[in-house]
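These are my notebook entries on what I looked up in one structure.

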Amino acid sequence: MCSREVHVMPTHRFVVVLLALLTLGGCASRPTNERLTQADPSTGYRPYLLMPMRANNDPSTLFVLAFSGGGTRAAALSYGVLEELRRTEIAIDGQRRRLIDEVDIITGVSGGSFTALAYALHGERLFSEYEQRFLKRDVQGELIRRALNPLNWWRYVGGSAGRSELAAEYYDEILFEGATYADLLSRQAPVAIANGTDISTGYRFSFYQNDFDLLCSDLNSVRLSRAAATSSAVPVVLSAVTLDNYGGTCGYEYPAWVQDVTRTEGRVRPSARVAQRWREMQDFQNSKDRPYIHLVDGGVADNIGMRSVLEALEAVGASAAFRGEVGFGAIRRIAVIVVNSRSAPRNDWDRSEDPPGTIGQLLKASGVPIDRYSFETIETMKDRQEIYGWRREMLISRARLAGATEAEAEAGVNVVLPKLALHVVAVGFDDVRDPTERERLMNLPTSFVLPADDIDRLRDSAGRLLRESEDYQSLLREWGGAPRPAQ
């Protein structure tokens, strides 16, 4: 119960106000996510429902952008990629189109989630407003000022609210305008998925209806600003964002692919990660033991937001039911652009006999594993098509040895493993050719404020890195386009 009576002797007004605010601290409460009475896979903010609604979108290509974490550095680099895609033309069925209009899904973490969500909401407006509304604003300074303002303490001192809820309010003011996921349902825009981490288990949790079904909760009423605040809730610095868990009460049924990837007889080895995701889904459904889910920065689980894409590729090979559910039967090309804003600020630790301090060690102890995990994820994605192609060739060879013609073997294998072309384009500072420029970008801090000239440098670098990428050039050639001339 929050009602409390406070008796004080007459004294300085500020002290009285401060005592009252601290006393009311325990009353601070968070926004609640709405309960879902019946899970319905035919409604809500889901990629497989929204992608077919895009006008003039090539149904044979799944085009995904993955924007990593990294504060304003990540937001600016990912924005520069969007700018380059907007300036680039391709040819589909003889018609010239902007490459950006072919993007189906943008998955974002931390700073990258702001760009993803803002583009899904604002569309073309983003390119005239994003710089001043977010990129070139001292977001970090304003968040600190609000946190230190005693008039705001009652909102997050005690109770279930926290600093991240205060941050979400600010993000609404400057960027998201109070929009909810319901406002995105009618947008002609890519599906934007912000990613968080369940701090209790380390599991990935994403802001789209598929994951909210697990909690028996309706995503439509959730504000975009709260998703962005969750995805960027760096542990300790910002508070976890808490969701109510009603899992197991809405008649949720696991998708058909679960049976395929969890069977033991004749199981295909690459489904192991997908089977692990099923176990995670079961855990989220357990609202009896877990009535609340506490989420922090998505980078703790996956700093480039690519694990869901990797799992989907494995599910393609392991489950015919999955291919049917998400429309993979029509998809012949998967294009993924990973925008990794990993930085590596220089230090002089190895010049001294004395080891680094506690704070420095803590930062490195969390940052280094995240960076290595991101590297391994990207490389696994690049390896995936080779393994997938090898499996197809093996099955075709077996069919030919059994007496099938080449055409019959190809047709038979297509039922099990559709023919897919996979393009993985990685954009990161390691590929900046100028060593001086590379070092400068690598030394940019992870914060929510950067000088305006660094913002412009990041945007320019994003476009240049894309144009110089051989993988990107190969993708454009397939699409009947060509990179813009170097500038």
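Which residues form one aromatic cluster? I found Tyr79, Phe114, Tyr119, Phe127, Tyr130, Phe134, Tyr171, Phe176 and Phe448 in it.

I note that this is a predicted model, in which local features need pLDDT of at least 70 and side-chain atom pairs count only at pLDDT 80 or more, while totals for chains, interfaces and linings use all residues. Residues are numbered from 1 along each chain as its sequence is written, and side-chain values use heavy atoms, with hydrogens and water left out.

Entry on aromatic pairs. I looked up the total and found 17 aromatic pairs. Rings of Phe, Tyr and Trp (its six-membered ring) pair if their centres lie within 6.5 Å; planes under 30 degrees apart are stacked, over 60 edge-to-face, and the rest tilted. I then examined Tyr45 and Tyr181, an edge-to-face pair with 5.3 Å from centre to centre and 65 degrees between the planes. Tyr45 lies in the loop between α1 (13-23) and α2 (47-50), and Tyr181 in the loop between α8 (163-176) and β5 (191-198), so the pair ties together parts that are 136 residues apart in sequence. Helices (H or I, at least four residues) and strands (E, at least two) are DSSP runs, numbered from the N terminus.

Entry on burial. Are Tyr45 and Tyr181 buried or exposed? I found Tyr45 buried at 2% relative accessibility and Tyr181 buried at 0%. Buried means under 20% relative accessible area, exposed over 50%, and partly exposed in between (1.4 Å probe, protein chains only).

Entry on the core. The largest nonpolar core has 108 residues, and Tyr45 and Tyr181 are among those that touch the most other members. Such a core is a set of buried Ala, Val, Leu, Ile, Met, Phe, Trp, Tyr and Cys residues joined through side-chain atoms within 4.5 Å.

Entry on charges over rings. I found Arg86 over the face of Phe127, at 4.4 Å from the ring centre, and Arg333 over the face of Trp479, at 5.1 Å. The rule requires NZ of Lys or CZ of Arg within 6 Å of the ring centre and within 35 degrees of the ring normal.

Entry on cysteines. I found one disulfide, a pair of cysteine sulfur atoms within 2.5 Å. It joins Cys216 to Cys250, with 2.2 Å from S to S. The torsion about their S-S bond is about -75 degrees, so the disulfide is left-handed. I found Cys216 buried at 0% relative accessibility and Cys250 buried at 1%.
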